[in-house]
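Hi there,

Here is the structure I promised to pass on to you. Have a look at it first, and then read my notes below.

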Amino acid sequence: MSTVLPATGITEVLYTARAMRRLRPDPVPVEVLAELVEAATMAPTASYRQNWRFVVVNDPGVIDQLGQIHARIFEFARPLASATLPEGVFRSVAHLGTKLGEAPALVVVGGTEAPDGRAGIQAFRTWYAGILPAVQNLILAARARGLGTTLTTLLLEGAHDEVRDLLGIPEDVVLVAVLPVGYPSGHFGRPPRLPVSEVGFLNHYGTPLPDPPKSDS
Ligand SMILES: Cc1cc2nc3c(=O)[nH]c(=O)nc-3n(C[C@H](O)[C@H](O)[C@H](O)COP(=O)(O)O)c2cc1C
């Protein structure tokens, strides 16, 4: 299954929503970007807080500024990425590393009410787990519309507060991911992944979960 077209079925969406880092410059209508954000908000939300926040950036000047920061951070990360990533993945990551500023749109995702380190109901893992399903929904909604995207964190790992200030995001919002969004110049396809029997277990860790019957997804 390999196509640049919108996907029609949930299985195709799930199995072909891989990282798409090479994007065409064609603009993505703001209504479509709003649809992606709406789809994101259909995700589960811890304690019904709906504390996710999304900043859609389609101003080329702002995207360029963010792209310059990203390229700066990528140069720091380049040696480690080059040494640790498989060759093809590194080439793709390096492309986005220097070209994030050319994406037609970015969606910056964060959340309010981030915990301050105290244990309990506000624990950090629950807070994070409350934002990430929305990010994945956004990825899948993009794929369903024939749009490519990639979950990225490098920009935030290197320049969280700089990004927050540049976008006028208040200090109580902690940023989690940046998703460049655009029509892909490559093709969607099933990503290479370890088999279920290597990563899944039945009843007891170490007892492999049998691989499912082969599908053509
Ligand atoms: C938490 C997380 C952070 C990521 N950060 C980045 C990033 O900063 N830059 C990037 O190019 N890809 C990033 N990725 C995407 C992965 O590199 C990508 O999923 C991996 O290369 C597999 O690609 P595939 O889905 O096309 O097989 C991130 C993925 C996750 C889950």
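Helix α2 passes helix α6 in a right-handed crossing; a crossing is right-handed if the near helix is turned clockwise from the far one by less than a right angle, and left-handed if anticlockwise. Helices here are DSSP runs of H or I with at least four residues, numbered from the N terminus. Helix α2 covers residues 30-40 and helix α6 residues 132-144, and they pack at about 135 degrees with their axes 7 Å apart. Axes are lines fitted to C-alpha atoms over the stretch in contact, and angles run from 0 to 180 degrees between N-to-C directions. α2 and α6 are therefore oblique to each other (under 35 degrees counts as roughly parallel, over 145 as roughly antiparallel, 65 to 115 as roughly perpendicular, and the rest as oblique).

A word on the source: this is a predicted model, in which local features need pLDDT of at least 70 and side-chain atom pairs count only at pLDDT 80 or more, while totals for chains, interfaces and linings use all residues. Residues are numbered from 1 along each chain as its sequence is written, and side-chain values use heavy atoms, with hydrogens and water left out.

Now for helix α3. The axes of α3 (residues 60-84) and α7 (residues 154-166) come within 9 Å and cross at roughly 150 degrees, which makes the two roughly antiparallel. Their crossing is right-handed. With α4, α3 packs at about 165 degrees, the axes being 8 Å apart, so this pair is roughly antiparallel too. Here α3 passes α4 in a left-handed crossing.

And what surrounds the ligand? There are 13 residues around the ligand, and the closest are R18, R21, L151, L154 and R193 (a residue counts if one of its heavy atoms lies within 4 Å). Helix α4 (residues 87-99) gives the largest share of this shell, 3 residues.

Some polar contacts (pairs of N or O atoms within 3.5 Å) stand out. A polar side-chain atom of R193 is 2.7 Å from a ligand oxygen. Polar backbone atoms also lie by ligand oxygens, at 3.0 Å for L154 and 3.1 Å for T153.

Enjoy exploring!

Notes: Polar contact = N/O pair within 3.5 Å; in protein donor to acceptor, adjacent residues only side chain to side chain.
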